[in-house]
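Dear colleague,

I am passing on the structure that I promised to send, and below it you will find some notes on what turned up. Please read them with the model open beside you.

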Amino acid sequence: MNQLPFISTTAAVDPVFMFLFGACLVLLLGITVTMVIFVLRYHRSRAPHPTSQAEGNLWLEIVWIVLPTLLVLGMFWYGWKEYLVLRTVPTGALPVTATARMWSWEFRYANGKSSPKLYVPVGKPVRVELISTDVIHGFFLPAFRVKRDVVPGMSNYAWFVATKPGSYDLFCSQYCGTQHSAMVTTVEALPEAQFAAWLNEDKRGTAAARPDGRKLATEKGCLGCHSLDGSPGVGPTFKGLFAGQVTVVKGGKTVTLTADEAFLTESIRQPAATIVEGFPPIMPGNPDMPDEQVTALIEFIKSVK
Amino acid sequence: MDSNVQKVTAQPSCFWNDTGKSGLTSWIFSTDHKRIGLLYFYATFGFFLTGVLLGLLLRVELMAPGRTIVGPQTYNALFTVHGVVMIFLFIIPGIPGAFGNMVMPIQVGARDVSFPRLNLLSWWLYITGAIIILTSLFSGGGAPDTGWTFYVPFSSRTGTNVSLAVFGVFIVGFSSILTGVNFVTTIHRLRAEGMTWGRLPLFTWSLYATAWVQILATPILAITLVLIMTERLLGAGLFDPARGGDPIMYQHLFWIYSHPAVYIMILPAMGIVSDIIPVFSRKPIFGYKMIAFSSIAIAAAGSLVWGHHMFTSGMSDTAVMVFSFLTFVVAIPSAIKVFNWVSTLYRGSISLEAPMLFALSFILLFSIGGLSGLILGSAATDVHVHDTHFVVGHFHYVMFGGTGFAIFAAMHYWLPKFYGRRYAEKPAVVAWALMFTGFNVLYFTMQVLGMKGMPRRYYDYLPEFATLNLVATVGSWILAAGLVIMLVNLFRGLWWGAPFEGNPWGGATLEWSIPTPPPTENFVEEPTVTHGPYDFTGIGR
């Protein structure tokens, strides 16, 4: 597994950390120990009078300008060189598109399959295209030393490779509102064969069976804002929502209407058009969601009484 | 304010009483730099305590995963207000407004600043901005929840009261610009006879460098804030990619000011330390010229490094390289200062009284903050620690361990000069020890959390971060305990303590040559300066 034809992001960055922390530790210890020695040695109880009135020393000044300059230039160069590894995607990387929205992640694969977790094959580099549908988010994989902001209107990317199977944290690192800290999922690194099976198996499943509304509501992040028990959230609760009366702001006017299928469909596809009074207009739209998913979500909302 | 005026009338004729005017209006409409300085001190320190309280609440919330005391929306508002209050209402005006005003005109041998009325206007702008910011918390859509950085597009979409808060910060910015104008003019024009540039105390030198940053960088913040308001109120679409705008442009504009602002915060703190260390070592400062020059170098180079806040933003890799390089360049003048401070101790006669303890711990805490800044300046490592608790720990080491501790040093060093009374030494040392310990427990732990990957501005976190968060919270309590002892001790001492007369520290700068507390116009007769600021020959201790 160590026979990768390229260096992993972790293997590139960690030695830079070692070098920088090492150098910083030496400097810090040097400063601290010198200071403590001077304070003890020249404390007024031992040194009632100063024994020097030196105002400076040109050679010392030159030494402690030149040496730190060389050191920090080395640090800069090393950090920059390994940063380029993070920016250079090895050839043959698996392309995945990550869509970030308030407050959930969706990962879409070349074959159209999508998932709320980032499944990757072990030993194969993965190139993640980063798309935001609303505000700036951050794609952060601490285990792989990888982070890249997900900026609306901009196409950012990141790459990494999992060298061991396992589950790794994936955080949103750029503050994005109320549920920022809940915008957490995982990278699931599977052995190559298992990954291939996962990638294709579930796809067959979606074509046959009807999508599960509750599962969708969780995966798409709906439940981050819309509660199921009537408790207030960032958006209106799903409990008893269907067929009830809602006061909404539509085109600048306040009107009361019934929360029927048409209203729910519009609210899922273009939420900004009709905003329930008292809630912020922040829900991301889903204009491209397949009809059967919208239907499944509405069926699920109907069932929450 | 009345009570303390009466309290000090037992003292000889001084700026507390010699104009015959007392009462609130004689203070809030005073053009005397010392009174304005004290007004700034009361206001900024009041906001510091407000910020501390908010910070302690944040730490209690983070004590355990999940909800501890508040919900996520309240938590987000808490850290936003903590940041806005600490940065715009405490640290930026903290040293120039308070100690700069009190001490600098005396240090250059002037009766007041160049434009005393403008100085008063600065304070009023500051108070007006502060009131507007406070109003924004309790009106409209409620306290802003954007973080102090107000990043778009979030800040242009959130329903909270961002516009009003931003307007308040805008007003405070003008106060900062006017203080800068006043200080540059004063230092150029009002130096006493014999007060050459080479005899300026280093505190004044640092204020001079700071003042230029205030004048040149703050207008960019003002422009940026106006753009946020246009975005929110007029829907201009400047930062909205759907309409051809660019959110990254906002980040550039914001950091073009806000990174130099970091130097507005730290430079005068370095000045305080440069003034205190020689006095308590009875030796001239080592490398006076290098320290003065490095202040200017930091102010200049520090204005060109803002992009290091944006390595992961999607900015071009070339820009990452340039900004990373410049960031490492700024480290050099900071290192020069540290080496010179430490060398000043060599073969001195060191007395570890409270101001010196705070000044020496400044060197340590600032060094830790500065060195962790190298981890953040290096492109490869920044990617991992950016936007994590490592950054939170880093800037608290610099801003609180650095500037905060320097302000505590200044309070113990200069406030007795202006009150004419002294605090008790032992409680001051106990308070220092507690704060120093609590500080490191709190913020070093945060840096470890960041290395382990805990992002910042997280209301909730995974169980793997729980233990360290609890440790950090306990650290915040130790720190708070020390702070309370320090405050009680200072308050008791300055109001009821033993008289502080003459030149007890043995300082050689001009403020120690005039009566304590100083008379309204500082100097009975025009001073003539004949020696350097750290020439202690003939000054007893």
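How many residues does the contact take from chain B, and how many from chain A? Bearing in mind that this is a predicted model, the contact draws on 69 residues of chain B and 71 residues of chain A. On the side of chain B that touches chain A, the elements that give two or more residues are helix H4 (72–108), helix H6 (154–157), helix H9 (247–281), helix H10 (288–301), helix H11 (317–345), helix H12 (354–377) and helix H13 (379–385) of chain B. The largest share of that side, 14 residues, is supplied by H11(B), and by class the side consists of 41 nonpolar, 20 polar and 8 charged residues.

Two of the helices listed for that side, H4(B) and H9(B), also pack against each other, at an angle of about 40° and with their axes 8 Å apart, and their crossing is left-handed. From H4(B), the residues B:Ile91, B:Ile92, B:Ile95, B:Pro96 and B:Gly100 meet B:Ala261, B:Ile264, B:Met265, B:Pro268 and B:Ala269 of H9(B); this contact comprises 9 nonpolar residues, 1 polar residue and no charged ones.

Turning to chain A, the domain assignment gives domain 1 (9–87), domain 2 (94–208) and domain 3 (213–303). The centres of domain 2 and domain 3 of chain A, taken over C-alpha atoms, are separated by 26 Å, and the contact takes 10 residues from domain 2 of chain A and 8 residues from domain 3 of chain A. The side of domain 2 of chain A that touches domain 3 of chain A has 4 nonpolar, 4 polar and 2 charged residues.

With best wishes

Conventions
Residues are numbered from 1 along each chain as its sequence is written. Chains are lettered from A and ligands numbered from 1 in the order in which they are written. This is a predicted model: local features need pLDDT of at least 70, side-chain atom pairs count only at pLDDT 80 or more; totals for chains, interfaces and linings use all residues. Two residues are in contact if their C-beta atoms, placed from the backbone, lie within 7 Å. Helices (H or I, at least four residues) and strands (E, at least two) are DSSP runs, numbered from the N terminus. Ala, Val, Leu, Ile, Met, Phe, Trp, Tyr, Cys and Pro count as nonpolar, Asp, Glu, Lys and Arg as charged, and the others, Gly among them, as polar. Axes are lines fitted to C-alpha atoms, for helices over the stretch in contact, and angles run from 0 to 180 degrees between N-to-C directions. A crossing is left-handed if the near helix is turned anticlockwise from the far one by less than a right angle, and right-handed if clockwise. Domain bounds come from an automatic or database domain assignment.
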